[in-house]
Amino acid sequence: MFADLLLEGAVTRIEGPLLFAKRAARVGLNSAVEVVGNDGGTRLGRIAALDEQSMVIEVLQSTTGLDLAGTRVRLRPEPLLFGVGPNLLGRIFDSVGRPIDGGPPVSARARMRIEGLAINPSWRALPRDFIETGVSTIDLLNSLVRGQKLPLFSAGGLPHDRLATQIAQRARLRGGKSEEFAVVFAGMGVPHDTAEQFRRAMESSGALGHTVLFLNLADEPGMQRLLTPRYALTAAEYLAFVEGRHVLVVLTDMTNYCEALREVSASHGEIPGRKGYPGYMYSDLAALYERAGCIRGRPGTLTQLPILTMPGDDIGHPIPDLTGYITEGQIVLDRELDRKGIYPPIKVLPSLSRLMDSGIGEGYTDADHPALAHQLFAAYARAMRVRTLASVMGEQGLPDADRKFLEFGARFEEQFVNQAASRTLEESMQSGWDVLRGLPHNELARLSDAQIRKHLEEPAHA
Amino acid sequence: MSEARITWIGGPVLRARMTGSFSVYEAVSVGPRRLLGEVIQLKGEELVAQVYEDTTGLEPGDAVAGSGRALSVKLGPGLLGGIFDGLLRPLTGTDDFQIQAGLGSGAAGRFRFVPQANAGATLETGAILGAVAAAREQLILVPPGVAGRLEWLAAEGEYGEDEVIARLVGENGKTHEVAMRHPWPVRTPRPVRARLPASAPMITGQRILDTLFPVARGGRAALPGGFGTGKTVLQEALAKWCDADVIVYVGCGERGNEMAEVLDEFPQLEDPRTGRPLAERTVIIANTSNMPVAAREASIYTAISVAEYFRDQGLHVALMADSTSRWAEALREVSGRLGELPGEAGYPAYLSSRLAEFYERAARVTTLGGKEGSVTIIGAVSPPAGDFSEPVTLHTKRYVRCFWALDRQRAQARFYPAIHPLLSYSADADALAEWWKHSGGNPDWITQRQRVLSLLEQQAHLERMARIVGRDALPAQQQLKLLCADLVNDGFLRQSSFSKVDRYCSPGRQAAMISVLLAFMDRAEAAVQSGVAPARIAELPVVRQLQRLGEEYGEGDLRKLSQLPHQLDYEFDSLHTVAANVR
Ligand SMILES: Nc1ncnc2c1ncn2[C@@H]1O[C@H](COP(=O)(O)OP(=O)(O)OP(=O)(O)O)[C@@H](O)[C@H]1O
Ligand SMILES: [Mg+2]
């Protein structure tokens, strides 16, 4: 094993986030380093490369104020670890896992690697437990299940925080006792009031004692933003897979995280990929998102709700694009719906939950749930096509059936998507059937005759 | 064995000073945990290697031990039904739910060997030595590089996979000891006697593929699509229902839960042809997105080597690679670390030739042992922002024969599989018409296919017109075309992988379905010609049934399905009667 050592006067060069130092002691790759400047401040780092004489330390916090002579380097014999224990709950930490709520240090029951280790796919259990969020467009059309990673694709000025808070508050209600539940909130580059609002919401719903917050505020240097989700997910993994809780992790705003990644990559002089983001951004994001899941034989689950703001409202931008390629679906928020005053402004067509098929239907939710969801998607897709058509040639030129779809589209947005209060799944389904009424039955190819009779004809006659 | 000492390490790449000689692509074991790595460059005294596992804790001075052999995997009877990482190390049987570096190559399994050759015989490479009775029978062949007089063959009995079960003396007098499994350098294609042209389709059970865009046994297909358009679900559907003997499924840089899904489902599902659990014909190679990138690059070669191993036994093998884009990205990452000059979108200049080499390993062949076998490759492609003009999609397109383009709009309307019929193609179709005529039981296949494709082509054209003049303003014949095209889409092309009734569609049911749809078209055209309004046809009860043909008429309802043309005739006949009465 390597020693825990303090080196003085070993630093030979400082280049942006990189510190070059003499390898005056044995140390392994990726070992944790504490860099102590003349100012007395301690910065976390890790050994990024080693040769026979020297080592390269990647400082994970700002290097401002460091000089060659006065900088001391403490080598740790292990990679970056986070001390976790049951008293994490109810606490607030900074971006690198230090308490900032004035409370005592957490008495650690275990020290876990913040990078985590890949979950062996053969140990994963398939996420199947439906979470009722109270939002129809999620519960009925893009169902969330425990152990899923389902991001919110949003844009500046849209109410993603409100929606995430609402989900976090509600998600604990279904199944299980409340002490089995925990919420981990990782704020990356978010304004202080966003974090504060979330904290207050958790407090008012009585869940603060089950919540852990990690805050990297907007005015902190970008670099350590890369560490915040890693500390948060390490805490979440502990709570889920060691303590057996159902953990919901809210990661916001992943766009800030990715910007930091780009900044750091540039400062390392790496060859930039699409739009300047590093070529390894996919793998880097996957290393975070893949920490969600369920493990065979363990009671806890880790569900992720990352939030990102799409730069330029563009879903093809590398940040949402790579996220969508990793996560198990996405919930897309839309400016136009928001402008129409529809809440939650969820754009249904590009939204998707990939784990839905294993968590809904006969034996899970309702036997007709999948068919109803598919019919709503198909009908709304047609309504949107007709709407485009109508905007070109006017409603008069539309055949009868098309006009009915146009009306359906409006009904769907105003009555189904828009909701003043939470709905149970049953209420969501009822609303779904209600808005379908009025469409010609021979156009409802996704519903069986029996389903049409049962849900669309009988109540109408009644 | 040669040894080297680390002089520099950063991330997964290291440099080391050699004592003794190494070769490029030689497998090495690194440091005290004996991490697996591969030599990628040799320069003077120094080698550059990439390590396939987490390098945390390594330091200069640590040993790099040579293996004397190119990066290899062990191919043997223990593969079927298993799940392995990108270097074919078993993922099952660990006590930790997280993957620790230094994963072992797995204990050899024990199998009952039944000899099928006689001592004294002269055996060529690829000749049968015997068989093992596992969940399904597998052949043990004389492995590549070995041939000669069989001096000794083990008696029937249970042996470990690495135990010697045969001894052969080659022409040069060299003795070869053969075990049930043998190492194979993954980057080298396994030898065959001859490559054969396409002659039979691989039946996938997916209507849009088998009927419109068929892939031949030994063929190559690409499945490009943006995120969430249905690549994985379709690959899984093919892995479940296609008529290959063995499936190799490689999750290359994709999600852990998808692997769990395959592991969860396949043991419970039955192969519709053999009645055996699907897991028994499947090998899963999982190098998920959070596992080391270098191993992701190797996983594709591991998978194709495994596929060729089964092909050599005279089997038809299907390889599903999800996703080849992640493999290309791994290539790019490794290349970047070596400081190579980046080409288009940062990919190395050899991207295209690597893709070509990979797809070239798909083929229908005569094996060295004289049997027919094949490897069919289905590669998913994940283009950034769903844009098919990016390098991986473009280069892949040059080497595949089938292009199954997934369409975001279809996917968003939950119209699955979201394969766009006008952007997709199959260059194998003509070669397969003969098979349908003589063995597939549908001599009309090629004409039916043509009719459907041209209908869909016209639909696109007519919809453009309708956008200008309005659908109602189109002539009756054209309105009817649109109705028929909608029916073909809804009733035939739509097929949900989650529907118990419809997830698999036999060639017989496909033929029956397309026939009834075309019969409808014929009758409807005649009716419109004789003055019936298309709107009246749209209201016929049979239309509603045709719309839901796949869902309502499963494999068990073929009789009922064959009655449908009668109902259709009846409804059209009465339409005329009514029309006549009105007149
Ligand atoms: N053939 C199908 N039948 C039914 N549902 C499907 C089908 N194909 C796709 N889907 C639906 O679409 C979702 C997304 O499909 P899938 O995961 O295969 O996308 P993908 O193209 O592999 O995306 P990514 O590139 O992000 O991995 C599925 O979870 C499923 O709900
Ligand atoms: Mg996929």
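Analyst: A residue is called buried under 20% relative accessible area, exposed over 50% and partly exposed in between (1.4 Å probe, protein chains only). This is a predicted model, in which local features need pLDDT of at least 70, side-chain atom pairs need pLDDT 80 or more, and totals for chains, interfaces and linings use all residues, while side-chain values use heavy atoms, without hydrogens and water. Residues are numbered from 1 along each chain, with chains lettered from A and ligands numbered from 1 in written order.

Strands (E, at least two residues) and helices (H or I, at least four) are DSSP runs numbered from the N terminus. S5(B) spans residues 46-51, and because five of its six residues are buried, the strand is largely enclosed by the rest of the structure.

S5(B) has pairing partners, where pairing requires at least two DSSP bridges between two strands. Strand S2(B), residues 13-19, pairs with S5(B) in the antiparallel sense through five bridges; within this pairing, Arg17(B) has Glu46(B) as its bridge partner. Strand S4(B), residues 35-43, also runs antiparallel to S5(B), and six bridges join the two. Here Gln41(B) is partnered by Val48(B). S4(B) and S5(B) form a hairpin with two residues between the strands, in which Gly44(B) adopts a positive phi near 55 degrees.

Further along chain B, four strands make an open antiparallel sheet in the order S12-S11-S9-S14. Its edges are S12 (137-141) and S14 (157-160); each has a single partner strand, so one side of each lacks a neighbour in the sheet. S14(B) is joined by four antiparallel bridges to S9(B), residues 110-115, and Phe113(B) faces Gly157(B) of S14(B).

Other antiparallel pairings follow. Strand S13(B), residues 148-153, is linked by four bridges to S15(B), residues 164-169, with Trp152(B) opposite Arg167(B). S15(B) is in turn paired with S16(B), residues 175-179, over five bridges, and Leu168(B) stands opposite His176(B). The hairpin of S15(B) and S16(B) has five residues between its strands, and Gly173(B) there takes a positive phi near 85 degrees.

The rule asks for a Lys or Arg side-chain nitrogen within 4 Å of an Asp or Glu carboxyl oxygen, and it gives 70 salt bridges over all chains. In chain B, Asp271(B) and Arg281(B) form one, with their closest N and O atoms 3.7 Å apart. Asp271(B) and Arg281(B) are both buried.

Arg361(B) and Glu308(B) form another salt bridge, at 2.9 Å between the closest N and O atoms. Arg361(B) belongs to the loop between helix H6 (351-360) and strand S23 (363-366), whereas Glu308(B) sits in helix H4 (residues 293-311), so the pair connects parts 53 residues apart in sequence. Arg361(B) and Glu308(B) are buried as well.

Arg382(A) and Glu443(A) meet in a salt bridge at 2.9 Å, N to O. Arg382(A) lies in helix H10 (residues 369-393) and Glu443(A) in the loop between helices H12 (425-436) and H13 (449-461), 61 residues apart. Arg382(A) counts as buried at 19% relative accessibility, whereas Glu443(A), at 27%, counts as partly exposed.
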